[in-house]
Amino acid sequence: MKYVDPHIHMVSRITDDYQRLAMAGCVAVSEPAFWAGFDRGSAAAFHDYFRQLTTHEPKRAAQFGIAHYCWMCINAKEAENIALSREVIKLIPEFLKMPNVLGIGEIGLNKNTPNECTIFCEHLDLAATHDELVLIHTPHLADKFQGTRMILDMLRADPRIKPGRVCVDHVEEHTIRHVLDAGYWCGMTLYPITKCTPQRAADMIEMYGAERILVNSAGDWGPSDPMAVPQLIQEMRLRGMSESVVSKVVYENPLAFFRQCRRFSPPC
Ligand SMILES: [Zn+2]
């Protein structure tokens with residue numbers, strides 16, 4: 001079955017992972033800008049990272065027949081540094097012209113601090129000004145419920161942001177309903193340790209349906225599995241869910257979300 005991994009950090013993965021993704025049916029990936037595992041020392045480091053995401057990584061993916069899309073921002077962790085964040089945000093408009101950029105992301109909250117909120121709202125302003133899609137990271141574990149509520153409040157406070165053009169990622173059982181009810185797209189992350197297992201994700205699809213649901217591996221430099229989406233495909237099939245529902249979740253939904261970006265050209 002053809003599928004898309006709408007959230008995976010391929011700059012952190014080896015080339016063999018591209019080979020495995022392609023063999024499993026992956027036709028496209030989207031890569032949000034994120035934390036590198038260490039704090040970068042200058043805006044110039046982000047400029048290089050954005051060049052990597054828009055120029056180098058699409059060529060690497062194309063060698064395996066995989067379309068590569070990406071998202072631009074300063075991540076929630078480094079957003080604690082407001083002065084650096086504002087310098088980085090100023091760099092973003094030039095990259096919004098690149099053909100593989102889908103929008104602003106993954107912005108969000110990490111420890112739910114006032115500085116993170118300030119920079120989150122400045123990213124929303126950037127997205128609204130340039131009419132861009134938004135991809136949102138919700139915090140980990142203990143901070144998730146409160147952080148998701150804060151994020152939904154900030155989104156609602158800016159009437160220029162249309163819910164159908166926003167994906168709130170890393171939802172779990174206690175946050176998914178709030179996100180779907182407010183009209184946003186939902187991302188479920190399949191992780192071997194924290195976040196959802198394929199079984200928990202399939203349970204949520206059974207409970208809430210397939211509308212506006214995306215699933216991803218969020219594969220990165222930490223414990224994660226780039227093959228997580230094929231594992232969910234297998235789990236859904238074992239439960240007797242129809243091929244059309246499986247395909248909607250792993251292929252049609254991500255493309256429907258991406259298609260709202262005016263630069264988007266579909267994978268062949
Ligand atoms: Zn991520």
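**Helix packing and a buried strand**

Modeller: Let's start with helix α8 (residues 228-238), whose buried residues are A228, V229, P230, L232, I233, E235 and M236. Bear in mind that this is a predicted model.

Biologist: Happy to. What do the buried residues of α8 pack against?

Modeller: The buried set of α8 includes A228, L232 and M236. Its packing partners are β1 (3-5), α7 (198-208), β8 (213-216) and α9 (243-258).

Biologist: And which residue just after α8 takes a positive phi?

Modeller: Helix α8 covers residues 228-238. Just after α8, a positive phi of about 80° is found at G240.

Biologist: Let's turn to α3 and α4. Is α3 roughly parallel or roughly antiparallel to α4?

Modeller: The axes of α3 (residues 82-95) and α4 (residues 114-130) come within 11 Å and cross at roughly 15°. Angles under 35 degrees count as roughly parallel. Therefore α3 is, relative to α4, roughly parallel.

Biologist: Nice. How do the residues of that contact divide by type?

Modeller: The crossing of α3 and α4 is right-handed. On the α3 side the contact is made by I82, S85, I89, I92 and P93, and on the α4 side by N115, T118, I119, E122, H123, L126 and H130. By type, the residues of this contact divide into six nonpolar, five polar and one charged.

Biologist: Finally, which residue of β3 is the bridge partner of E31?

Modeller: Strand β3 (residues 67-72) has six of its six residues buried, with A67, Y69 and W71 pointing one way and H68, C70 and M72 the other. Strand β2 (residues 26-32) runs parallel to β3, joined by five bridges. In β3, the bridge partner of E31 is C70.

Terms used: Residues are numbered from 1 along each chain as its sequence is written. This is a predicted model: local features need pLDDT of at least 70, side-chain atom pairs count only at pLDDT 80 or more; totals for chains, interfaces and linings use all residues. Axes are lines fitted to C-alpha atoms, for helices over the stretch in contact, and angles run from 0 to 180 degrees between N-to-C directions. Helices (H or I, at least four residues) and strands (E, at least two) are DSSP runs, numbered from the N terminus. Angles under 35 degrees count as roughly parallel, over 145 as roughly antiparallel, 65 to 115 as roughly perpendicular and the rest as oblique. A crossing is left-handed if the near helix is turned anticlockwise from the far one by less than a right angle, and right-handed if clockwise. Two residues are in contact if their C-beta atoms, placed from the backbone, lie within 7 Å. Ala, Val, Leu, Ile, Met, Phe, Trp, Tyr, Cys and Pro count as nonpolar, Asp, Glu, Lys and Arg as charged, and the others, Gly among them, as polar. A residue is buried if 20 or more other C-beta atoms lie within 10 Å of its own, exposed if 12 or fewer, and partly exposed in between; C-beta atoms are placed from the backbone. Two strands pair if DSSP finds at least two bridges between them.
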